[in-house]
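Q: I would like to learn how to read the features of a protein structure. May we work through an example together?

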Amino acid sequence: MAQEGYCVFGTSRKEHQASQGVEMLRLDVTSDSSVQSCIKQLLTQTNRIDLLINNAGQIHASMIEETSLEQAKEIFETNFWGIVRLTNAVLPVMRQQRSGHIINISSVAGLIGAPGQGFYSASKFALEGYSEALSVELDPFNINVSLIEPGYFKTNFNQSMLQAAFAYADYDTARDVIGSSVN
Ligand SMILES: NC(=O)c1ccc[n+]([C@@H]2O[C@H](COP(=O)([O-])OP(=O)(O)OC[C@H]3O[C@@H](n4cnc5c(N)ncnc54)[C@H](OP(=O)(O)O)[C@@H]3O)[C@@H](O)[C@H]2O)c1
């Protein structure tokens, strides 16, 4: 997109080498103040926001019973509330423009409950309902909302994956079967 002449910003919680033509901004989607300061910084360099891609996601691999409530909330904080925060921050700009596009990265696990990833699935299901409703609400303002629902593809998610808080032997067989299908 940068090569096509678009002004492109990437985000990360960490220091990152940017691709050519892409400016990196610090962002933690779980923090209200981080989201506000990221969008504020972006708007000092451009006075419009045409496209928001909500890609940040927290993947986990654990049975529902083996996931602590804190972990379940952490998954939702990134995968659902993070997107709500970013969307709320850009909507005033897009509404004023009377144009914009929001692309939310969901998952096939947002369409089918994925065993071994129950709370990840639940967070993506929440994202699906939110995005469908938002799409209708924003239609009068010429703002589009899209959902992308990929299957498995190779990324760094194995390194950043949240691990089970508890381990119960009753789930050993199921865990092995699921583990071998993901790796
Ligand atoms: N890989 C798959 O098979 C697959 C399948 C379906 C859907 N997806 C979805 O695709 C998206 C990308 O996942 P991935 O596979 O590329 O996983 P990944 O390699 O683990 O990357 C996760 C990305 O999310 C960012 N992120 C995580 N927590 C964040 C936070 N609190 N604030 C800001 N950024 C945060 C990370 O940025 P930093 O660490 O640099 O901050 C990183 O860029 C996710 O929404 C995931 O659910 C992936």
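Q: Which side chains meet in a salt bridge at 2.5 Å, N to O?

A: Please bear in mind throughout that this is a predicted model. A salt bridge is a side-chain nitrogen of Lys or Arg within 4 Å of a carboxyl oxygen of Asp or Glu. Here the side chains of Glu 66 and Arg 175 form such a pair, at 2.5 Å from N to O.

Q: Is Glu 66 buried or exposed, and what of Arg 175?

A: The cut-off for buried is under 20% relative accessible area, and for exposed it is over 50%; partly exposed lies in between. Glu 66 counts as buried because its relative accessibility is 1%. Arg 175, at 29% relative accessibility, counts as partly exposed.

Q: Which other residue forms a salt bridge with Arg 175?

A: Asp 172 does, and the closest N and O atoms are 2.8 Å apart. Asp 172 and Arg 175 both lie in helix H5, with three residues, about one turn of the helix, between their positions. Asp 172 is partly exposed, with a relative accessible area of 35%.

Q: How many salt bridges does a search of the whole structure find?

A: The search finds six. One of them joins the side chains of Arg 26 and Glu 15, at 2.9 Å from N to O. Arg 26 lies in strand E2 (residues 22–26) and Glu 15 in the loop between E1 and E2, so this pair ties together parts that are eleven residues apart in sequence. Arg 26 counts as partly exposed at 47% relative accessibility, whereas Glu 15 is exposed, with a relative accessible area of 67%.

Q: How should I read the two faces of a strand, and which residues of strand E3 lie on its covered face?

A: In a regular strand the side chains alternate between the two faces of the sheet. In strand E3 (residues 51–54), the covered face holds Leu 52 and Asn 54, while the uncovered face holds Leu 51 and Ile 53.

Q: To which strand is E3 joined by four bridges?

A: E3 is joined to strand E5 (residues 100–105), and the two run parallel. Within this pairing, Leu 52 stands opposite Ile 102 in E5.

Q: Which residues make the nonpolar surface patch of about 410 Å²?

A: The patch is made by Met 1, Tyr 6, Leu 51 and Ile 53. Leu 51 and Ile 53 are the residues of the uncovered face of E3. Tyr 6 lies in the segment before strand E1 (8–12), and Tyr 6 is exposed, with a relative accessible area of 52%.

Q: Which backbone atoms does the side chain of Gln 97 reach?

A: The side chain of Gln 97 reaches the backbone nitrogen of Ile 49 at 2.8 Å and the backbone oxygen of Ser 99 at 2.9 Å. Gln 97 is found in helix H2 (residues 69–97). Leaving aside residues up to four places away in sequence, Gln 97 touches Arg 48, Ile 49 and Asp 50.

Q: Where does Gly 100 lie, and which residues does Gly 100 touch?

A: Gly 100 lies in strand E5 and is buried, with a relative accessible area of 11%. Not counting residues up to four places away in sequence, Gly 100 touches Asp 50, Met 94, Asn 142, Ile 143 and Asn 144. The C-alpha atoms of Gly 100 and Val 145 are separated by 8.7 Å, although these residues are 45 residues apart along the chain.

Q: What is the phi of Asn 142?

A: Asn 142 has a positive phi of about 60 degrees although it is not a glycine. Asn 142 is found in the loop between helix H3 (118–138) and strand E6 (143–148), and is partly exposed, with a relative accessible area of 47%. Arg 98, also not a glycine, has a positive phi of about 60 degrees. Arg 98 lies in the loop between H2 and E5 and is partly exposed, with a relative accessible area of 45%.

How values were computed:
Residues are numbered from 1 along each chain as its sequence is written. This is a predicted model: local features need pLDDT of at least 70, side-chain atom pairs count only at pLDDT 80 or more; totals for chains, interfaces and linings use all residues. Side-chain values use heavy atoms; hydrogens and water are left out. Patches are made of residues with over 30% relative accessible area and no salt bridge: like charges are joined within 9 Å, nonpolar side chains (Val, Leu, Ile, Met, Phe, Trp, Tyr) within 5 Å. Accessible areas come from the Shrake-Rupley method with a 1.4 Å probe; for residues, only the protein chains shown count as cover. Buried means under 20% relative accessible area, exposed over 50%, partly exposed in between (1.4 Å probe, protein chains only). Two strands pair if DSSP finds at least two bridges between them. A polar contact is a pair of N or O atoms within 3.5 Å; within protein, one must be able to donate a hydrogen and the other to accept it, and residues adjacent in sequence count only if both atoms are side-chain atoms. Contact means heavy atoms within 4.5 Å.
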